[in-house]
Amino acid sequence: MPELPEVEAVRRMLERATRGARIDRVELRRPDLRRPFPPDFVTRLSGHTIQSVGRRGKYLLVALSSGETLLVHLGMSGAFHAAKPRAAHRASSTPDPHDHVVIVLSSGVVVTFNDPRRFGLMDLIRAGGQHEALRAMGPEPLDEAFDAAVLARACAGKRVALKVLLLDQRIVAGVGNIYASEALHHAGLSPRRRASTIATPAGAPREAALKLAAGIKAVLQKAVAANARAYESGRFRVYEREGEPCPRRGCGGTIRRITQAGRSTYYCPVCQK
DNA sequence: ATTGAGACCTGTCGGC
DNA sequence: TGCCGACAGGTCTCAA
């Protein structure tokens, strides 16, 4: 469940399920995900209380009473489940081979991290420390600090296609393959257009930068408000809608799929310029 | 400095 | 039925 709205939905669920509880037991069922778990991972989690669950881009940040922070990335297929199992249920269910981490809390809640593809990541950040993965990360798209001026400055002089640019987490945090296509459709901008064309050479925003910043905010805001349920129900405007009519009123175009930087892009060639 | 291709890993789906 | 390739919401690294 990987883009900003999905990660935010996981954050809310985890915060509700775990906040204030102590970590009583941690079970690692394999030594690594995308990378090995850090040394003493289990020891550094055990016995500490979960104070809050935050998010930065697509990363979850679990603040512990020890002062350390558990950093989690869901990759492509990572998911958390939190439940208070009945003993009988626990004993009878066959273990899922992709349940890689099981955390038992003092409240009786059991948090399970499941990740078939293992592109996920878990690491620990020392008290007062900064994690390498977050160092160069761009602004949060839903913060006020992110606007057309910031976006235009980041685009000035860049020859990359807008769609590819939006996937760069240093430009803006949390946008992935689905919402990049959705935001560009909302903005009426072609995914193939060079990033530099939405800014003046000096880096000031042109009209297109205003539309794109607004498009990013609009599609993410809407998905966050819907608790990211769009993916299951396929309620996207262009994503995975190749061959269907463009949803823009009066457009009449047909959604196309192209490949950019090895990933699928969906757009309407008629209304996205 | 950018940009593209390939790698990482498993599951699913459509075509033959 | 099974086999095969294409594809999937994300990064990384390496080479041109």
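**The surface around the DNA**

A: In this predicted model, an N or O atom in the side chain of His-73 is 2.8 Å from a phosphate oxygen of DNA strand C. Arg-34 also reaches a phosphate oxygen of DNA strand C, with a polar side-chain atom at 2.3 Å. For Glu-3 the partner is a sugar or linking oxygen of DNA strand C, and the distance to an N or O atom of the side chain is 3.4 Å. Helix H7 (177-187) and strand S10 (263-267) are the elements that contribute two or more residues to the surface near this strand.

There are 21 residues around DNA strand C, and those that come nearest are Arg-34, Lys-58, Tyr-231, Tyr-239 and Ser-264. Of the atoms of DNA strand C that come within 4 Å of the protein, 54% belong to sugar and phosphate. By residue type, the surface near DNA strand C has eight nonpolar, six polar and seven charged residues.

Tyr-239, one of the residues that come nearest to DNA strand C, also belongs to a cluster in which ring pairs link Tyr-179, Phe-236, Tyr-239 and Tyr-266. Counting rings as paired if their centres lie within 6.5 Å, the model has five aromatic pairs. Phe-236 and Tyr-239 are edge-to-face, because their planes stand at 85°, with the ring centres 5.9 Å apart. Phe-236 and Tyr-239 are both buried. Tyr-239 and Tyr-266 are likewise an edge-to-face pair, at 5.2 Å centre to centre and with 70° between the planes. This second pair joins distant parts of the chain, 27 residues apart: Tyr-239 sits in the loop between helix H9 (230-233) and strand S9 (256-260), and Tyr-266 in strand S10. Tyr-266 is buried, as is Tyr-239.

Sugar or phosphate makes up 62% of the atoms of DNA strand B within 4 Å of the protein, and bases make up the rest. His-98 places a polar side-chain atom 2.6 Å from a phosphate oxygen of DNA strand B. An N or O atom in the side chain of Arg-118 is 3.3 Å from a phosphate oxygen of DNA strand B, whereas the side chain of Arg-117 has an N or O atom 3.0 Å from a base oxygen. The surface near DNA strand B divides into three nonpolar residues, one polar and three charged.

How values were computed
Residues numbered from 1 in each chain as written. Chains lettered and ligands numbered in written order. Predicted model: local features only at pLDDT ≥ 70, side-chain atom pairs only at ≥ 80, totals over all residues. Heavy atoms only, no water. Near = heavy atom within 4 Å. Polar contact = N/O pair within 3.5 Å; in protein donor to acceptor, adjacent residues only side chain to side chain. Helix = DSSP H or I, 4+ residues; strand = E, 2+ residues; numbered from the N terminus. Nonpolar A, V, L, I, M, F, W, Y, C, P; charged D, E, K, R; others polar. Phe/Tyr/Trp six-rings, centres within 6.5 Å; stacked < 30°, edge-to-face > 60°. Buried < 20%, exposed > 50% of the residue type's maximum accessible area, 1.4 Å probe, protein only.
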